[in-house]
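Subject: Structure for your review

Dear colleague,

Please find below the structure I am handing over to you, together with its sequence. My findings follow it.

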Amino acid sequence: MKNPFLLYGYKDPNLFCDRELEVSKLNNAINNGRNITLISLRRLGKTGLIKHLFHHLEQDKSAIETLYIDIMPTNNLGDMVKEISSVLILQEQKKSKRFLQNMSDLISGLKAKLLFNPISGSPELEFGYKSESESLNDLNTLFSYIGNLKKPYVIAIDEFQQINNYPEKQVEAWFRKFSQEYPDIRFIFSGSSKHILEAMFTNINRPFYQSSELLYLDRINTDNYTEFIHHHFTVNKKSIKIDDIKEWVKILDTYTFYVQYFFNKLFAQNKKNNTYKMMYEVSHEVLKERENIFINYKNLLTNNQFQLIKAIGKEEAVNKPNAHHFIKKHNLPAASSINTALNALLEKQMVYHENGQYKVYDHFFSMWLRSL
Ligand SMILES: Nc1ncnc2c1ncn2[C@@H]1O[C@H](COP(=O)(O)OP(=O)(O)OP(=O)(O)O)[C@@H](O)[C@H]1O
Ligand SMILES: [Mg+2]
């Protein structure tokens, strides 16, 4: 029996919960020629959503081509060009029997060599060292190749904030140029660094200013998530109470990754009857198996930082960590020290700020802190 609660990647719509509104917003943007910047906290479901959308676009035979590129592992423009070209070439090869012929111009334009992996037989590109201007030329070659196919293309660039770390500073300006030059190509820029992405797209001095619609991905609706979980237990002939699911979804803050992980573990117990007590035991087990990580977190923090994150975890969400009653209740140091510790925790992405509240980023860590 396959576990229906995926922890990585995307399989099919059946294992994907909701996101109907977001899919329709993305479709609307694509069909009306707008670029989209998709922003959310980590592990809330950006990549899943893009893959889900692409699955539909591919199924619908909508004649819209898709290209998904994750630039997380890239450190410079040259790496990005390699990533885009390999994804494009692998994808074209699957679609077209005339692949080599179609690709030869592109590859010679990129001044790369096409090699075939002797074991897998799949094509790979070999690039020599390239200067910044050569890499920009390559990027130009790639987009003009795609643009000249005269087919609508949606290119998703995941972890887009990564370009901020590239030594080359022209990348944003070039993306803007491509996006204006090739109306058949629409972009989805996706990432979790809210500040970096917002600055790129809303700062009047930046090339991307107002060139993309911002879509903030929020949590899945709790009732829809509860029903989704109930459905998957039920079709697999496992009984579970809907109210129990809902309560645990809430305890998990309806945070996609943590909900998936928790119910993946519960499902894996392979019991006919899934009681509240079993859920409690699973939560205990999950926190226990991660205890070393949590202790490691603790060792990486100063005493003030740890006392503060512990207090935030215990409260689950805090509006004003430097308020007198909060400091007193948790026996914390003076407000000025709290401000310093809070900034450090935000900087380290141990804590996040959302809708006026501070929360611990790793939700299992938050649950563990509550148990201290
Ligand atoms: N709507 C959904 N229904 C069911 N599972 C989902 C859904 N969205 C995402 N997931 C699952 O939740 C986990 C996290 O999702 P995903 O990797 O898409 O998040 P992300 O926002 O891209 O994270 P990161 O910021 O780390 O890249 C994955 O295991 C994914 O399979
Ligand atoms: Mg992702």
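Which element supplies the largest share of the shell around ligand 1? Helix α2 does, with three residues. Please note that this is a predicted model.

The ligand site

The shell around ligand 1 has 20 residues, of which Leu-7, Arg-42, Lys-46, Thr-47 and Gly-48 come nearest. By class, the shell consists of nine nonpolar, six polar and five charged residues. Two helices, α2 (46-59) and α10 (256-268), each contribute at least two residues to the shell.

Oxygen atoms of ligand 1 take part in several pairings with the protein. The side chain of Lys-46 places an N or O atom 2.7 Å from an oxygen atom of the ligand. For Arg-43, a backbone N or O atom lies 2.9 Å from a ligand oxygen, and for Tyr-8, a polar backbone atom is 3.5 Å from an oxygen atom of ligand 1. Ligand 1 taken alone exposes 620 Å², and the protein buries 92% of that area.

Ser-190

Ser-190 belongs to strand β6 (residues 185-191). Is Ser-190 buried or exposed? Its relative accessibility is 0%, so Ser-190 counts as buried. Its side chain makes a polar contact of 3.1 Å with the side chain of Asp-158. Leaving aside residues up to four places away in sequence, Ser-190 touches a set of residues including Leu-38, Ile-50, Ile-157, Phe-160 and Leu-197. Lys-46, the residue whose side chain has an N or O atom 2.7 Å from a ligand oxygen, is also among the residues that Ser-190 touches. Ser-190 and Ser-40 lie 150 residues apart in sequence, while their C-alpha atoms are 8.5 Å apart in space.

Helix α4

In helix α4 (residues 99-109), the buried residues are Phe-99, Met-103, Leu-106 and Ile-107. Why do they line one face of the helix? Viewed down the axis of α4, these buried residues fall within an arc of 100 degrees, and therefore they line one face. In general, an α-helix has 3.6 residues a turn, so residues three or four places apart point the same way. The cover over the buried residues of α4 includes the helices α3 (77-95) and α5 (132-148) as well as β3 (113-116) and β4 (123-126). On the other side of α4, Gln-101, Asp-105 and Ser-108 are exposed. After α4 comes Lys-111, which has a positive phi, near 50 degrees.

Yours sincerely

Key: Residues are numbered from 1 along each chain as its sequence is written. Chains are lettered from A and ligands numbered from 1 in the order in which they are written. This is a predicted model: local features need pLDDT of at least 70, side-chain atom pairs count only at pLDDT 80 or more; totals for chains, interfaces and linings use all residues. Side-chain values use heavy atoms; hydrogens and water are left out. A residue is near a molecule or strand if one of its heavy atoms lies within 4 Å of it. A polar contact is a pair of N or O atoms within 3.5 Å; within protein, one must be able to donate a hydrogen and the other to accept it, and residues adjacent in sequence count only if both atoms are side-chain atoms. Accessible areas come from the Shrake-Rupley method with a 1.4 Å probe; for residues, only the protein chains shown count as cover. Helices (H or I, at least four residues) and strands (E, at least two) are DSSP runs, numbered from the N terminus. Ala, Val, Leu, Ile, Met, Phe, Trp, Tyr, Cys and Pro count as nonpolar, Asp, Glu, Lys and Arg as charged, and the others, Gly among them, as polar. Buried means under 20% relative accessible area, exposed over 50%, partly exposed in between (1.4 Å probe, protein chains only). The arc is that of the directions from the helix axis to the C-beta atoms. Contact means heavy atoms within 4.5 Å.
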